Amino acid sequence: MNEPLLSVESLSVTFATRHGSHTAVSDVSFALSAGETLGVVGESGSGKSLTMLSLLQLLPNGARAQATRARLGEYDLLDLPRSDLDRIRGREIAIVFQDPLTALNPVVSIGRQIIEVLRHHFKLDKAQARIRAIELLARVGISDPVLRLRQYPHEFSGGMRQRVTIAMALAGEPRILIADEPTTALDVTVQAQIVSLIAGLLEHTRMGVIWVTHDLALLARIADRVMVMFAGRIMESASCEELFARPQHPYTRALLANLRESAAAPGATADPAPQGCPFSTRCAWVMDTCRARMPPVGRAAHGGQVACWALNP
Amino acid sequence: MFDGRQLTVSFERPSLLNRLRGRTPVLGLRAVDVTIHTGETLGLVGESGSGKSTLARALLRINRLSSGSLLLQGQEITTLEGAPLRALRRRLQMIFQDPFGSLNPRMSVGRAIAEPLIVHDLARGREIHARVAASLEMVGLPARFAARMPHEFSGGQRQRICIARALCCRPEFIACDEVLSALDISLQGQMLELLGQLKAQLGLTYLFISHDLRVVKRISDRVAVMYLGRIVELAPTPQLYARPAHPYTAALLAAIPTPDPVAERARRFAALPGELPSPAHPPPGCAFHERCPKASARCRSEQPPLAQIASGHQVACFHPN
């Protein structure tokens, strides 16, 4: 495969608190190629969203990202001058968030919000931008786009609003689209519509996509590769087919078992061990080593990678 | 246990002004007939706005019924007020989705669990402590947690505390409203197991509300599907999942992703178009006809009644599968 679009090595995100620093993401490495869809699955607090936000310098106050490498083409994502950052956001990497209602400005018409993005990135006059905005709305399946352009977010349903934020993300013709739980706030039938929409849009582009979700089953349809995160670390990564067919890490196995209703989920919850593997408090295979040291990410039987002492002693 | 007939909940009083303006009241529940048997778990699924929570709240007499009749073990409770209504509340409990919002952050866990005992005057003095400890142990938490404050606990533990509070006054019926939705997937299995154990141990009856059909399948004896304030299908769980009769149920089931990339990519499926209509402007006839692949002229003008198509299997559709 040719040079990846995006490559990240040893990314960590730390929060400075009154009681010292707290590491929310540690040692996360991944790459994304053009036309590839990377699925990132994890529970709340697994660091999946923070990882993505750090790439656009959108971390909340007090959080700091560090990495040995975070490159997008010629840009170093963690050390960008303001002018480059404005170019990266929306033009190179666009992001669709979970809640479309807070992602849109309630007092500005949909049309103005899309046109603003278009005119920021491209040299277009108002009339040209308007035509482009109408095309974008039609592309994301919004009927009657000329009328809809004049309307405000509250006049749209949840599913339609999410279509609008997708149109806005596509407006900058980004090389990478980050979809951060874009269907979580939607009803099941609408979720299926949005997944079909994005899958359809991807067929005609070379856009790289990172799809962040807590629902592993959702990734079966759309992802090429899957990365499983837990407590800020990568537990396992592999091609989509291999991960579902031959899950290696006990956490991935537990997630799949839960989806397939074949067994109860892992044992009692407890706070993650301060050192050692964060999953050790729930793991059925736990050994003394697991509680003492975090396993490194190593090669796995399915050709992907896994961080587990039981699999890579 | 429950026998509800033509239960209707309206969210707007039909005042003279509104009638003059030609406004019709917004109905959260439209003439729902529902029976819940003692000892069963009835699953309730549907999209947001379909009336699942409104039905639960109507059964518990939290929402006022605008019409219909409700029997609890043969006793009319539709218009109960005052002391008899408070006595009823002890027997019927509800657990909510958000374990952060449903515990008072300034009240210790023990005090929160004791609250219903004090309100109903079910225990006094030392006995309160004993019952709180017993409730905590029932949900798998140590009795010493009673002295702690809610912020010290994770979402999963808080939800256990909420269950302990519901159990504390020994109810017969618990409505679980999206109780797993705020929990991580790897904790959902444990919580389902706990609810199952408690039900067997205490002889409880559950109404289990969820938008997640995978979860409902695992816990329910029968499942009811709601759409815009009506039950559109009701069947024993295995039958509903294997042979959904209503096109809406079939679409809901088809929309669940399966954890199998090969099957998932080979699957040809057309996502259901549109979204749930506004309850303020319900379409004429069957509320689902605008999104339904099988809609006919009759569906556009006439509301299909909930009718029996097989033993225990009811569906409100003119063209069931």
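Mentor: Two residues are in contact if their C-beta atoms, placed from the backbone, lie within 7 Å, and we shall apply this idea to a predicted model.

Trainee: Among contacts in chain B between residues at least 6 apart in sequence, what percentage join residues at least 24 apart?

Mentor: In chain B, 64% of the contacts between residues at least 6 apart in sequence join residues at least 24 apart.

Trainee: How many helices and strands does the secondary structure of chain B come to, and why does chain B count as being as compact as a globular protein of that length?

Mentor: Chain B has 12 helices and 12 strands, and its radius of gyration is 21 Å, close to the 20 Å that the globule rule gives for 321 residues, so chain B is as compact as a globular protein of that length. Of the 321 residues of chain B, 41% count as buried.

Trainee: Is Asp144(A) buried or exposed?

Mentor: A residue with 12 or fewer other C-beta atoms within 10 Å of its own is exposed; Asp144(A) has 10 C-beta neighbours inside 10 Å, and therefore counts as exposed. Asp144(A) sits in the loop between helix H5 (126-139) and helix H6 (145-148) of chain A, and its phi is near 60°, a positive value in a residue other than glycine.

Note on methods: Residues are numbered from 1 along each chain as its sequence is written. Chains are lettered from A and ligands numbered from 1 in the order in which they are written. This is a predicted model: local features need pLDDT of at least 70, side-chain atom pairs count only at pLDDT 80 or more; totals for chains, interfaces and linings use all residues. Helices (H or I, at least four residues) and strands (E, at least two) are DSSP runs, numbered from the N terminus. The radius of gyration is taken over C-alpha atoms; the globule rule is 2.2 Å times the number of residues to the power 0.38. A residue is buried if 20 or more other C-beta atoms lie within 10 Å of its own, exposed if 12 or fewer, and partly exposed in between; C-beta atoms are placed from the backbone.
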